[in-house]
Structure formats: structure tokens, C-alpha cells
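Here is a short report on one protein model. Keep the sequence and the 3D view open as you read.

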Amino acid sequence: MATRQLKLGAFMRPVSIHTGAWRYPGATRDANFNLPALKRYIQTLEKARFDAFFMADHLAVLNMPIDALKRSHTVTSFEPFTLLSALSQATEYIGLVATASTTFDEPFHVARRFASLDHLSEGRAGWNVVTTSNPDAALNFGREEHVDHARRYARAREFFDVVTGLWDSWADDAFIRDAEQGLYFDPARLHTLAHKGEHFSVRGPLNIARPVQGWPVIVQAGASEPGRQLAAETAEAVFTAVPNLAAGQAFYADVKGRMDRLGRDREHLKILPGALVVVGETLDQAKDIRNRLDGLVHDASAIASLSVVLGHDASKFDLDGPLPDIPESNASKTGRQRAVDLARSENLTVRQLARRLGGYGGLTFAGTPTSIADEMQAWLEGYGSDGFNVMFPWLPGGLDAFVEGVVPELQRRGIFRREYEGKTLRDNLGLPRPENCFFPR
């Protein structure tokens with residue numbers, strides 16, 4: 001048995017990251033908003049022993065022209081907490097990770113919702129901490145302008161401290177429920193947070209018992225300098241976007257090295273790059289599937305997607321010329337830089353870049369179950385990742401192909417579990433349960 005084991009999450013909001021997915025033959029057209037279909041997907045993933053079902057979120061309809069937006073399957077979806085609460089009752093082991101924004105939410109709301117989900121699922125919740133880079137989201141929360149990048153991350157750091165402090169409001173043994181004495185809880189085992197900081201004033205305590213896991217698992221997705229530092233200080237899983245193994249190894253070494261300097265155990269954070277996985281019986285068949293998917297992306301959607309990534313209206317560029325210099329904006333710095341680097345490295349025109357990114361321009365494994373397992377094993381053993389957040393090319397076919405083909409091959413090699421290690425998400429990721437900072441054992 002290999003000493004290092006892959007951790008696998010499934011990126012499921014949207015159910016497929018590829019823009020052409022909903023048009024693919026055999027795809028469930030309304031999968032993002034179809035509860036019976038989503039229940040089938042998560043149960044399939046649980047049978048395959050996936051670690052987590054990962055729900056990204058958007059706080060605005062994507063800022064695209066209507067001609068592009070009308071072609072996008074991401075325009076509608078369930079609110080993550082509502083959906084995951086329902087799915088928690090249809091599953092027993094798989095983790096339930098939801099995105100919640102530190103820019104447009106309040107710590108008390110987030111702490112309460114995640115504590116509730118952790119109790120409902122008996123210890124399977126995870127919080128994906130994001131700062132929200134879509135400027136249109138600001139307009140839905142009474143703001144004319146988006147919060148600048150540095151301030152978003154400063155707020156996020158304090159937000160994390162408040163949420164985790166609220167989760168520690170109650171000692172694990174606070175609720176004694178002594179019917180004879182009429183004593184429901186021990187007041188000596190209750191802490192009032194009384195936080196006052198630059199961004200928040202929160203009295204507390206949280207009006208729900210400490211989560212089953214102590215804290216839900218902390219997930220983070222930023223890759224900028226502030227994002228990497230926030231991950232090293234706070235995260236227990238990182239969902240990152242890297243284009244190849246060399247970039248993955250550099251990111252892995254950087255974030256884990258920051259943990260070393262902070263005195264954190266590097267095994268207490270799992271780095272999980274997002275990877276679109278296209279499975280075929282042969283390499284040529286996998287390539288044909290990918291080409292067919294890319295062919296279903298409309299130019300209007302492609303240009304609109306590029307505009308979101310760059311933070312500038314790409315339709316005003318010469319579409320058949322090279323990408324011009326792109327000034328900074330409040331869009332994600334990392335995403336913009338990846339697009340610029342791709343265009344420069346492959347000498348792509350604006351149109352070519354848009355079509356690449358319009359479908360899915362990130363890390364892709366396309367091949368047979370054996371070749372995909374080879375690549376995943378190389379990343380694991382080469383310290384490019386601790387596993388992957390798997391993205392499926394379309395649903396249900398792309399998911400089924402991975403579960404039926406790639407998972408057995410990974411298990412045969414001894415690098416992926418055949419049974420869950422425990423009942424909680426922390427058990428299965430190999431993460432410790434946090435001490436209560438106010439009531440240490």
C-alpha cells in the first residue's frame with residue numbers, strides 16, 4: 001500500500017465547468033437545478049469514495065452581455081446551503097463543502113449556517129472561504145464599487161477569526177441536559193466572544209452547539225500573494241488552479257513552505273488543483289470528446305468569459321490580433337495573469353484565447369483510465385498535489401466514466417481508498433479536530 005493517498009473532491013457548481021457541457025449529447029440539460037439528478041450524482045460519488053462534494057457559488061448573474069449569458073448553463077443554480085442540507089440526508093460519508101463570501105456576508109451568519117450543516121450531516125461540512133472577485137456582486141449588496149483586493153483579504157482574515165471564535169462559543173461538554181436538576185447547560189462552559197476589530201464588532205455567543213468537527217473543514221481558493229498567505233495561516237484544503245505539474249509543484253512548495261515557517265504541520269493542509277477529466281476508451285476518443293465539447297461553445301459566450309477573466313471588455317479588442325496589454329482591475333489577479341501568460345506562451349489571438357477559456361482553459365487530463373491514473377499518480381508522488389478537485393466534462397456521462405474507469409485503476413494501484421476512514425470529513429482527509437481555544441482539553 002502506498003504511503004501517500006489521493007484525496008478527491010468533485011467540483012459540482014456548476015455540475016460541469018465546461019461551457020458546452022449542457023449541450024453535449026446525453027447531458028442532463030437542467031442538472032444545476034435538478035434535485036433528483038444532483039442526488040444521483042452525490043450518491044454515485046459517495047459509492048466511489050470521493051472525499052467531498054464541492055459547491056462553488058456566485059452572488060450575481062455573471063457580468064456578461066445578454067447574448068452570451070443566455071447561452072450559459074451557470075445562470076441558475078440552487079443556493080449551496082439549502083442544497084447541501086438536503087443532500088446531507090441522502091448520504092452518510094461524503095463531505096459537503098460550500099462557498100461563503102467574506103466580502104458580502106457577516107461572520108455570525110456564516111458561523112451559524114456552517115455549524116448547522118455540520119450537525120445535520122454529522123460532521124461533514126466544509127467552508128470554502130472566498131473574497132468574491134465579481135464586481136457585479138457589489139451591486140447586489142448596496143455598493144456602487146467593488147471592494148479593493150487588499151481590503152478584501154484584510155477583511156477575510158478578521159472574518160475567519162470571528163467565525164472560528166464563534167464556533168468555540170460552547171465547550172464540547174456544555175450541554176449537560178440534567179432533567180432532575182433542571183439544568184440544560186453549564187454556564188461556566190459558555191464563552192461570549194466580544195470581538196471588536198477593524199472590520200467587525202460581534203458580541204456572540206453563537207446560538208448553536210459547537211460543530212461536530214469542532215470547526216467545519218476550512219477550504220480556501222485564492223492563489224495571489226495574500227491568498228497564499230491566508231491559506232498557509234488558516235486553510236486545511238486549498239482548491240487551486242495550476243496549468244501543469246511544474247506549476248503545481250511550485251505552488252505546493254510555496255504554500256507548504258509558508259506553513260513550515262508558521263509552525264503548522266504541512267500534512268494538515270491538502271492541496272487539490274482543479275482538473276477537468278475527460279475519459280475515453282482510447283486517447284483519440286478522449287480528444288474527440290474534448291473537441292466536440294469545445295465546438296459547442298458559442299463565440300459570444302467565449303468573448304464574455306474572457307472579459308470576466310480579464311476584468312475588461314474583450315469584445316473591443318481586435319479579435320484576430322494578439323492580446324493587448326491588460327491593466328490591473330478588481331478582477332482576480334491570478335486568473336487574469338493565467339490568461340495573459342497562456343496567450344503570450346502560445347501566441348494566441350484574442351479569439352483563440354477566448355475559445356480556449358470559453359469552454360475550459362485550465363488543467364485537463366484527457367485519455368484512458370490508465371493514462372489519467374498515471375498523470376494523477378505523477379502529481380501525487382511528485383508533490384504537485386495531495387489530490388484533485390475533479391471537474392466532469394458533462395453529466396452524468398463524464399462522471400460515470402471517471403467513477404467506472406479511473407477510480408478502480410487508482411484503487412488497484414493502492415493510491416485511493418476502497419473504504420472511508422471514518423464518518424467525518426476531517427476523518428477522511430486525515431485532519432485533526434481543532435482544540436476549543438476557550439475551553440482547551
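## Terms and model

Helices and strands here are DSSP runs, numbered from the N terminus; a helix has at least four residues and a strand at least two. The model is predicted.

## Two domains

The protein is divided into two parts. Domain 1 covers 7-280 + 368-429, and domain 2 covers 284-359. The centres of domain 1 and domain 2, taken over C-alpha atoms, are separated by 26 Å.

## The largest cavity

How many cavities of 30 Å³ or more are there? The count comes to one. The largest cavity holds about 120 Å³ of space. Rolling a probe the size of a water molecule over the atoms shows where empty space is left.

The lining of the largest cavity has 14 residues. Nearest its centre lie Ala-52, Val-97, Val-219, Ala-237 and Leu-272. Four elements each give at least two lining residues: β2 (52-55), β7 (217-220), β8 (237-240) and α15 (425-429). Which of them supplies the largest share? Strand β8 does, with three residues. By type, the lining has 11 nonpolar residues, two polar and one charged.

## The second largest pocket

The second largest pocket holds about 210 Å³ of space. Its lining includes Phe-160, Trp-215, Glu-233, Thr-234, Glu-236 and Arg-264. The lining also includes His-268, Pro-432, Arg-433, Pro-434 and Glu-435. By type, four residues of this lining are nonpolar, two are polar and five are charged.

## Helix α1

Helix α1 spans residues 35-47 and has 13 residues. From first C-alpha to last, α1 reaches 18 Å, close to the 18 Å expected at 1.5 Å a residue.

Ala-37, Leu-38, Tyr-41, Ile-42, Thr-44, Leu-45 and Glu-46 are buried in α1. What do these buried residues pack against? Their partners are β1 (7-11), β2, α3 (80-88), β3 (95-101) and α14 (397-412).

## Helix α10

Helix α10 runs over residues 299-310, which makes 12 residues. The reach of α10 is 16 Å from first C-alpha to last, close to the 16 Å expected at 1.5 Å a residue.

The buried residues of α10 are Ser-301, Ala-302, Ile-303, Ala-304, Ser-305, Leu-306, Ser-307 and Leu-310. Just after α10 comes Gly-311, with a positive phi of about 75°.

Asn-128 sits in strand β4 (residues 125-130). Is Asn-128 buried or exposed? Asn-128 counts as buried because its relative accessible area is 3%, and the cut-off for buried is under 20%. Set aside neighbours within four places in sequence. Asn-128 is then in contact with Phe-54, Val-97, Ala-98, Thr-99, Ala-100, Val-219, Gln-220 and Ala-221. Val-97 and Val-219 are also among the residues nearest the centre of the largest cavity.

Gly-227 is placed in helix α7 (residues 225-234). Gly-227 has a relative accessible area of 0%, so this residue is buried. Leaving aside neighbours within four places in sequence, Gly-227 is in contact with Tyr-153, Gln-220 and Gly-222. Gln-220 is also one of the contacts of Asn-128. How far is Gly-227 from Ala-171? The two are 56 residues apart in sequence and 31 Å apart in space, C-alpha to C-alpha.

Conventions. Residues numbered from 1 in each chain as written. Predicted model: local features only at pLDDT ≥ 70, side-chain atom pairs only at ≥ 80, totals over all residues. Heavy atoms only, no water. 1 Å grid on protein atoms, 1.4 Å probe; cavity = no way out; pocket = protein on both sides within 12 Å on 5 of 7 lines; lining within 4 Å. Points joined across faces, edges and corners; volume = space filled by probe spheres on them. Nonpolar A, V, L, I, M, F, W, Y, C, P; charged D, E, K, R; others polar. Expected span 1.5 Å × (residues − 1). Buried < 20%, exposed > 50% of the residue type's maximum accessible area, 1.4 Å probe, protein only. Contact = heavy atoms within 4.5 Å. Domains from an automatic or database assignment.
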